[in-house]
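How do the helices of this chain pack against one another, and which residues make the contacts? The paragraphs below take these points in turn.

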Amino acid sequence: MNQDGPITLETMAALRERFGQQSRKAQAYYAVMHEARQVLGSDDTASAWMEAPLPAFESRTPAQLVAQGREQALLDHIRSMKKSG
């Protein structure tokens, strides 16, 4: 994008798409955090868990999994934690 010229329709479309992708990732992150908080008991514990490597996911962190679009597998994992806890 040229900062000196006018914003084109293409630039606006690209910005909308990028915003949409970031919004979906933020919503997915929030959904996972909400489920984790219910199991783990606090926002602080859930936040720490989001950055901890998970053996069940090849040592990827929940935050990495959300970024990769794997939030459903992660939600299923959290729900299995509820059942076993």
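The model is predicted.

Two packed helices are described by the angle between their axes and the distance between the axes. For helix 1 (residues 9-40) and helix 2 (residues 43-50), the axes come within 8 Å and cross at roughly 120 degrees. An angle between 115 and 145 degrees is neither roughly perpendicular nor roughly antiparallel, and the two helices are therefore oblique to each other. The crossing of helix 1 with helix 2 is right-handed. On the helix 1 side the contact involves Tyr29, Val32, Met33, Ala36, Arg37 and Leu40, and these meet Asp43, Thr45, Ala46, Ser47, Trp49 and Met50 of helix 2. Sorted by class, this contact has eight nonpolar, two polar and two charged residues.

Helix 1 also packs against helix 4, with axes that come within 9 Å and cross at roughly 10 degrees. That angle makes the two helices roughly parallel. Helix 1 contributes Ala28, Ala31, Val32, Glu35, Ala36, Gln38, Val39 and Leu40, while helix 4 contributes Glu71, Leu74, Leu75, Ile78, Arg79, Met81 and Lys82. Here the classes are 10 nonpolar, one polar and four charged residues.

The largest nonpolar core has 14 residues, of which Val32, Trp49, Met50, Leu54, Val66 and Leu74 touch the most other members. At least two residues of this core come from each of helix 1, helix 2, helix 3 (62-67) and helix 4 (71-84). Helix 1 supplies the largest share, four residues. Beyond its neighbours within four places in sequence, Met50 is in contact with Tyr29, Val32, Met33, Thr61, Pro62, Ala63 and Val66.

Notes: Residues numbered from 1 in each chain as written. Predicted model: local features only at pLDDT ≥ 70, side-chain atom pairs only at ≥ 80, totals over all residues. Heavy atoms only, no water. Axes fitted to C-alpha atoms, helices over the stretch in contact; angles between N-to-C directions. Parallel < 35°, antiparallel > 145°, perpendicular 65-115°, else oblique. Left-handed = near helix turned anticlockwise from the far one by under 90°. Contact = heavy atoms within 4.5 Å. Nonpolar A, V, L, I, M, F, W, Y, C, P; charged D, E, K, R; others polar. Core = buried A, V, L, I, M, F, W, Y, C linked by side-chain atoms within 4.5 Å. Buried < 20%, exposed > 50% of the residue type's maximum accessible area, 1.4 Å probe, protein only.
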